[in-house]
Every structure is written in C-alpha cells, then in structure tokens.
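Please consult the sequence and the model while reading.

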Amino acid sequence: MIDCDYLRPDNLEEALGLLKEHGPRATLIAGGTDVMAKIRNTKKTPEVLVSIRGLKDLKYIDKRSGYHIGALTTHRMLEQSELVKAELSALHDGASRVGSVQVRNVATLGGNICNAAPSADTAGPLLVLDALVFMEGPEGIRSVPITEFFTGTYKTVLKKDEVLTEIKIPGEMEHFGSAYWKHSRRKAMNLPILGIAVSLKLEGEIISDVRIALTVAAPTPVRANKAEDFLKGKALSDEALNEAGKIAASTECCSLRDSLRGEAWYRGEIIEVYVPRMARLAAERIAQRRSK
Amino acid sequence: MPDHLFVGKSVPRTIEADKVTGKAVYIDDLKRPGMLYGKILYSNHAHARIKSIDISKAKQLEGVRTVLTGQDIPDVRVGFLKDQTVLKKDVVRQYRDEVAAVAAISPEIAEEAISLIKVEYEKLPAVFDPFEAMKQESPLVHEIDARGRPLKSNILPLPWKFETGDMEQAREDSVYTSKDTVSTTWVNQCCMGTSGCIAEFDQNSNLTLYDQTNVIFGHIGRITEYFSQIGLRGKKIRVVNPVVGGSFGTKLDTDIYEFIAIQLALKTKKPVRILFDREEEFQALPPRQPAVFTIEQGCDKEGKLIFRHCEAILDNGAYTSWGATTPSVMMMPMSSLYRVPNVYFKATCVYTNNIYAQAMRGYGNPQATFAVETSMDTLAEEAGIDPAEFRLINRNRPGDQTPMKLKITSCGLEECIKAVKEKLNWDEKQGKQNGRGVGMASLIHVAGGARVTKSDGHGIMIKLDEYGHVDVIESGTDQGQGSPTVISQIVAEALGVRPEDVFLTFGDTALALWDAGTHASRHTFMAGNAAIGACAKAKRQILEMAVEQMPKIIKMGLKRKKRKDPEFVEPDLDFGLIANPEDLDIRDRMIFPKKEPDHPYFNLPLAQILQNGLLVGTGQSKVVMAEEFYDPPTEMLNWEMKGNLSMTYAFGASGVEVEVDEQTGEVKILNLIAAHDVGKAMNPTLLLGQIYGAAYTGVGYGLTEEIKVRNGRVMNPSFRDYQMLTAMDVVPIEVVIIEPIDEAGPYGAKGVGEPGLVPTAPAIANAVYDAVGVRITDLPITPEKILTALKEKK
Ligand SMILES: Cc1cc2nc3c(=O)[nH]c(=O)nc-3n(C[C@H](O)[C@H](O)[C@H](O)COP(=O)(O)OP(=O)(O)OC[C@H]3O[C@@H](n4cnc5c(N)ncnc54)[C@H](O)[C@@H]3O)c2cc1C
C-alpha cells in the first residue's frame, strides 16, 4: 500500500514552491509510469509526491523558430502529431514504441528523459535531433544540450528543486531526415535490447551532416561521435554506412554489456546492421518529404 | 444427421459479461469474515542448511496473528513422491523453498513481517544441470527418500520406459536414418489470475477451501491424506471455486501454498487467504517441464518409418510434482504420431537444485512433438523426400492400433496435412532456402478423456424448475474455456430448451458428483456425454409427465373454448398420438407428438407441463431431476505403458511461412495455418478462440518464451522480462476445421483445448530451416541462436 502525501499544484510557481518546501523528502511525479513502478519494485515510498499533472500549459508541441515541446507532452501526443511524424521522425519512431497505448496516454516526454534510463526510447531521438533541455528552479531558467543532460544511469544534471519545462529542437533540424530503431523481441510492452537513432542531411548524394545515437549501449544514452565523423562528407553508400556501423559498434563509441535482455556480441551485431538501415531510412524520409 | 438448433452454432458467450464488466468474483475479490492474509518467506539459496530462524521481530509486529516455521507444524511429507515438507526446517533445496509463513490482518503487514524474519543459512554444494546431476560425484539433492532410506543418486525412481518391436533388426532394415538432440526449457503458464486460495475451518475442523483450481476433487484425496497425519482424520473437505482466472495446467497438484494456508488457518482459527503476486507466480509456481531428447529414426527407401528411438532427460528440479509424469504423455507422440512399428522411449527424471515443474497445456506433448517433428524433417531430408510427402506416407489412419495400443477411431490427419500444404502453397515455396521458408508439424493428443486415474469419470446433475429453467450442476470447473456456453448448447439440444434457459454451476465439491479434473482436453467430451445422458433421463421424466398432463390440459382447453363459444365444434382428436412417452418429443421449449410435430392441438409449452406436474393438488406432485456419471470404457496404461487411455484422439497439423532476417536472426511469421480434426465444431467461434489462443501460445513457446533460470534462480519474474507475446504480436493465422464426427463424442466432438499449441513450435523450427538452412534444436528459437548458427554455417 502506498502511504504518502500527494500534492497537486496548479501551476509551475506553486510546484517549485512545494519542491523547495519539502526538499529531499519530495519526489516529482508526472505520468507516474516510472515513479509508481519504482515504488512497487523497491517497496520504498517517498514521503511526499508532488504531482505536476495539473500544469496543463506544459503540454504542447509548437513550431516557431524551432520546435518546442512541453515537458508534460505525452508519448501519445507525439505519436499522433503529423508535425512530429514528418519533421522529427526519429522522435515519432521512439515515442510510438513506448510501452503500449495505455502507457503512452499517461507517460510524458519529460518523465522519460528525467528518469534517464539507459533504455529510454526518446533519448536516442533527442540526441540526434540536437535537443536543448530547459529547466526552471529557484534560480530561474537554464538550459543544457541533451548531450550534457545525462550524467549516469538514472542520473541527470537536474537538481532536486528544478522542473524540466521544455525540450527545444533547433529549426535547422527541419533539413535533416531522421529515424530510430527500437530493437526488441515484442512489438509492445518491452524495453529495447538496443536503440539506434540516426539523423542526417544530404547535399546531393553527400552526407553533409549526421548524428548517430545509441541507447542501452553504455551507462547513458550516447552519441557515436567517431562513426559520425567518419561519415561526414562521404557519399551515401553501403560501403560507407557499413563501415560507420562497425565503428559505432566498436569500443570507440560504446561499452556493450551482457544482460538478461541481450548479450553484448548480439548488441554489437544489431548496431552494425541498424546504423546503415536507419541512415537509409532517414535519407528515404528526406526524399519523401521533398517529393510532397 | 438430424439438423441441430444449437449444436454447431456460434452461440455467444453471455456468461462472460460479468468478467468483462468487473462483476465476477475472483479469488482476489473474495473476502471471508475475519479473513487474514498469508505470506510466505522463500529461501535465499539454491541449496543450504538452515542454521537458525529468528521470528521474534515478525511476531511482535502489530497486526501479525501468527508466524510459522517448520518447527511449528507437523513434519509431514507431501507431494507426488512425498519428497518435501510443507515448511522446510533443516535444508532448502531450491530458491522457492518455503521457509516460514505469516498470517496478518493486512497483506502489507504480512509482507512486512516476512521481511523481519531472519534466517541464517550454511551454503551447501548445488547442482543445476541434469547431466551433471547424474554423475556419481555430483552433490545429492536429497539424502534420503520418503521412507527414510538413503539415496545414492539424483535419478528418480520412475519407470518411464516404452519398448516395442525389435530395435536391432529395425536399425539394420533402415535405409536412411537421422539423429538429433533437441531441448526445451521452462515456460510459465501465465494465467491472468495468479494462484490463490482461502482456507477456512468451521468449529468442528471441517475445511472449506476456496481455490483457484481446475481439479477440485483432486485436492480432496491429497488433503485427506495430509489431514490423517496431522490429527484431522475423517474431517470433511469442501473445495469451492471462485471465478477461475485461467489454468493452462497450473493447478493439477495441491501446491505447497495451499497446505500453508491450511496450517495458518488452523493455527489462527480464521480464514486465511494466500494470493501470489506476479513475481511469485513466476518464481514459485511450477512451470512447464523442460527436457532434452536424443532422437533417432529410420525409414526404408520408400520413406516408411521403421523405427524411432528416443531418450529423454528431464530436469526434475528439487521436488516432484506432475512435471515428472509428463513422460506418460510424451509416450503418446513418441509411439503413436505417424505409423512406426519399432519404438523405444525412455525418460529419466533427475533431481537438481532448480525449480520443479508441473503440467502445462499439452502436458509433455509440446516437448515430445518438438523432438519427433524435428526428426521427421531431418530424416525426410536424408531420404530425399519432401517433408510434407514424408508425413503423408507415414500418417495415421482411421482404424489403426498404435504400438502403445491406442485405438485410432476417426482420424483427419491426412486432410489436415493436405490442407496445410494447399494453404501454404507448399509445393511452390518449399525447399528454396532464400530467406523465406515453409515448415510443418503434426500432432496427436487425447481427445476423449485420459485415464490417468482409475476413474476418468465426470458427473452431471440437472434439474428443471416449473418455468422451464434448467440448472446444471457440473462437477468440472470453468477456467474461461467457454464451457458454460458449450455445455448449455448441448443441454439445450438434448433436452429441447434454449441455451439461455440453461444455468451452470461449476466448481463445488459439495454439490457436484465427481470429476477427474478439467484437464487433458477432456471437459467438452466428458461433460458433454454426461450431459446427454442426464438429459435423456430428464427428458424421459418430462415426457412421462406430459403423457399424464397433456390430455388433461388439452381437454380443459377445449371445454373452455366451448363455454365461450357455443358454436365451437370439438374436434375429434386422436389422443393415441400422445399416449406414450416414446411418441413425444421436445424441441425449442415445446412438447409435441413425433408423428405430427405441427399438430394444431398437441403442442404445449414445456413450462406448462412442468407446472401442471408440480402443482397437481394433492399427493402426487413431481419435479424433474436427473444425474449421469459418465466413465468411458478406456484403459489405464499397463506396466508396459500400453493401453487405450482415451476414447478418441485428436489430430492436426500446423504450417507456417516465415521470413528470416539473415543479418539479425529475426523471424517474422508471414502466415500460420492450423488445421485440426475436432470431430465436430460444437461452437465454431469458441473453437477458433481455442485454436488461436493455443497457436499463439505455441508461437511464444517457439520464439520468445523462456524462464531464465541461472544457478537455480528465476531471473526474469515479470512480464517486462518474460517475453510472452502481446496482442500487438499476433500473426496472421488461418484455421482449417476438419470434422470427421467421432462416434464416441457428444454430437461427434473431440477435445480441442491443447492440440493447437502442440505442433506450432516445431513447424516454426522447420520453416526456419527451410528459409535459411539452419536448424535450431533448442527452444525458444531466438535471433541470437539463428545468427550464431548462420555464422557457423558460413
Ligand atoms: C508498462 C510500462 C512500459 C514502459 N515501456 C517503456 C518503453 O517502451 N520505453 C521507454 O522508454 N520507457 C518505458 N516505460 C517507462 C516510462 O513509461 C517512461 O520513461 C515515461 O516516459 C515516463 O514518463 P512519466 O511521465 O510517467 O514519468 P514519471 O514516472 O512521472 O517520472 C519519471 C521520473 O522523472 C521525473 N520527472 C518527471 N517529469 C519531470 C519534470 N517535468 N521535471 C523534472 N523531473 C521530472 C520524476 O521525478 C521521476 O524521477 C514503461 C513504463 C511502464 C510502466
């Protein structure tokens, strides 16, 4: 049985006030799909739950000089957004594969990122979309690039008295095509064995810019910088993509582990196979958008 | 064939409305006055000596009513081979060993109390591999047997051996042979409702056990025996089902938690409920029995099977439940799937410090069929014969008697194999190894009961009230299989009422006659036959009543008419038409003469006859009730493991088309054909439900499901990590129904509960081979295994 205080502020100011008031005794809860699971699994209940579900104005997907997504936007909203599907395809791929429809209806993008699981399905997409994470606390608003947001497994730069408010994706991402592959055994209700996200920009057949991110490949979601460097400026060819896949799967880019869900060698194989496949898909999506 | 009003029709499942609206009372919802909540403390080690147990803190916790350890209850052995006690007090032999138990006023307090119990262990050497466990130098899981005699080996004293023909000669006569080693692992039954019971004693120490089980009468013998050793000899035991949330084989045995609930209830003199959470369900419920088979087969140059030789090793785990008896069913496909004259099968069960196993849908058949059907494909290839053709050559036929002395009556195997071939476009697709492939496998299963105890009976009682409502007191259970619908269709048909007039009561040993259990795909067959028998008796009573009452009612009616209308000319009626019960019939709630069903006067509502028969005035009122106890003329297996244990057998074939990603090893099922000989489709929609469900479970068994046991511990005790397929993972499936109308079945029906699962996994394995040329002989067929095999092949 869960025995704790449940506070439900109506606005951000109030929420910040409550976080300050209760300090380390408080835990923030959004959709609760991680928080509640953790309470059950660890059999430890926080003394105070501060629910931010009432903060309705943190629920939005906007495009104005870049893409602005409120922290409380649910995965289902991302899944059903034509804008996200067309222009931030990797994020669409990731959000649509979280849990099940029931989970996606309540689980939020902010929660996915703040929970900072190495397997978070939106982490890879946000990494290849150059996302900026906005946080608000007693000292005001600050932002960090998503590459700096994760500091360890289930750890972020977020302070106990801060609330993640928005994810911003720069406007130039409009010119990128992107894709995310969640490698899992089931089609729903599953955590990935591995996640691969790729975004790229083409000039003719030349890959003028590219980002590759891997999840469940290291203690935090990571960018495969070496593989990106290798691809940049090269023509989109099987040879180049396969080589990039090999580099991404190497210890230069990730530290694969054996776990119950998958063995390291198999994870490596999947990276090698899916970096090229996702790059191809990202390129196809650019072509599709142009033809529209 | 007479045309049926209800049998063979897709009558909807109305009873389930309570389930989908949350009204149904499962064990989770059931509360008894003053009820306490029980919780079990399990072992922390796979094999260890218990040095001390400190329960003092747990006892002091407010709200705790009792804390029990092995020291507090009689040291009585229970289980199939009596190889364990209810609470373990000296040694634990597996992680799920029950060490202590608590009863408290809330589940939370019980759980907290459990966490306050401190146990000190001294680790003992453990063994987790059955092959290791068979070696002389292996640590012993048990030092003594049930009678206290010292044991020298981990091999169980179970006689699972079947032999027929001349193996040496057969080997010589064979032109082609093949040999394979195949293995299967633990999988969980995954019932939506987790295990649970409430034990409640009255002041005279008689027990009522509210229990999530499909074998209500099975408990009585085992608990009676237990009672006789704990000072409760002769006490009455009543087992009652709440709404049962699935079975799939789980509840064939009386589990340890049930004995613990009984002990907690005895001690506290309160009803005590134990309800598993999902982690417990994965860790402490005996799953499907794993096995390793080494199978050899040989055939002549035309492809006719000459011999089959198979040795199986079963990891028994630390104790023995029904898992250890699955070889008795494995013998059926081993000896009788396809015609094979010379057969040797031996199964050895070995103690290890792993979890122990129980029954699950198919009861050993899925494992054994995986072995047989893998071997069928490798031998077909050896002989250069198309695998489908090879199966047709060796198919069972109606009228066969198999080496196990099974008498095959109706048999639609040929039609099933041919249907699979046609639907898959087999001849065009087979043998390409181009990343896409087709594969098939067949099955045989008991479908007319299974005489595993000396009675394979099923009793039914029916009674009618004066409004024509029929109460049926079933001795079986309803765990969601659709029996309330199918049995009411049968009763409606046999009695002449409508399905909505029929009300079934399941799962109460105090009301019902007796039943061997709702397992072995036997319920529709057994209960159906019993219902037909009971209905015949009840119908006779009704018609006798009708013979008395009809003329009176009709004559009165005519008189009344005459009074109202003096012009009315009374017709000259031939009452001879309704003078004998044999001349009358009932259909759709009306009673009428057989010779003139549309007679304008001799057509009366059943309810009117029943009312007139009951409300006669004085001295001679009657009610209608009848019972039938149906026990078919089948045989127990003899010491040679031979005997016709079922009235009829189900056959079927599964075919799948797959696409294999050669870079990742992933398998995509493009098409699944399930062709089944069902005797008669009693309710086509329900039948499809059974086959879809079973086939999908078979897909999970083939591709994803696996309880990962590492050094004796279950590592994935949740639906997050245990890869049961979801609704999003369904594959395209087409069911082909073959209806050879079996003489012994109710309206020709055979059992279908288990068959759909059995051939699915081997069909997938065979299709994978056909797609990419690697044969995975270890379930589940994971992408990792395929990729590894592909790399080795290169
Ligand atoms: C059945 C099930 C299936 C799942 N499947 C997947 C899956 O496939 N892929 C996947 O990636 N995840 C999955 N999850 C995990 C979870 O649903 C996601 O991580 C989800 O996005 C979390 O969002 P939430 O709003 O529910 O977070 P919550 O549980 O409310 O919070 C998660 C964490 O983030 C913090 N937090 C939340 N919002 C903020 C904020 N605005 N500012 C600061 N801190 C905040 C909370 O304090 C907490 O530490 C699954 C969970 C369940 C229960």
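The model is predicted. In chain B, the domain assignment gives domain 1 (31–124 + 195–275), domain 2 (291–452 + 636–793) and domain 3 (457–470 + 481–630). The contact described here joins domain 1 of chain B, which gives eleven residues, to domain 3 of chain B, which gives twelve residues.

**Placement and buried area**

- A distance of 47 Å separates the C-alpha centres of domain 1 of chain B and domain 3 of chain B.
- Between them, domain 1 of chain B and domain 3 of chain B bury about 920 Å², with 61% of this area on carbon and sulfur atoms.
- Of the area that domain 1 of chain B buries against domain 3 of chain B, 56% comes from B:N214, B:F217 and B:R238, more than from any other three residues.

- One salt bridge is counted between domain 1 of chain B and domain 3 of chain B.
- B:R238 forms a salt bridge with B:D508, and their closest N and O atoms are 2.6 Å apart.
- Four residue pairs are in polar contact between domain 1 of chain B and domain 3 of chain B, both residues being at pLDDT 80 or more.

**The side of domain 1 that touches domain 3**

- In chain B, α6 (216–229) and β13 (237–240) are the elements that give two or more residues to this side.
- β13(B) gives the most, with four residues.
- By residue class, this side of domain 1 of chain B has eight nonpolar, two polar and one charged.

Notes:
Residues are numbered from 1 along each chain as its sequence is written. Chains are lettered from A and ligands numbered from 1 in the order in which they are written. This is a predicted model: local features need pLDDT of at least 70, side-chain atom pairs count only at pLDDT 80 or more; totals for chains, interfaces and linings use all residues. Side-chain values use heavy atoms; hydrogens and water are left out. Domain bounds come from an automatic or database domain assignment. Contact means heavy atoms within 4.5 Å. Buried area is the accessible area (1.4 Å probe) that two parts lose on being put together, summed over both. A salt bridge is a side-chain nitrogen of Lys or Arg within 4 Å of a carboxyl oxygen of Asp or Glu. A polar contact is a pair of N or O atoms within 3.5 Å; within protein, one must be able to donate a hydrogen and the other to accept it, and residues adjacent in sequence count only if both atoms are side-chain atoms. Ala, Val, Leu, Ile, Met, Phe, Trp, Tyr, Cys and Pro count as nonpolar, Asp, Glu, Lys and Arg as charged, and the others, Gly among them, as polar.
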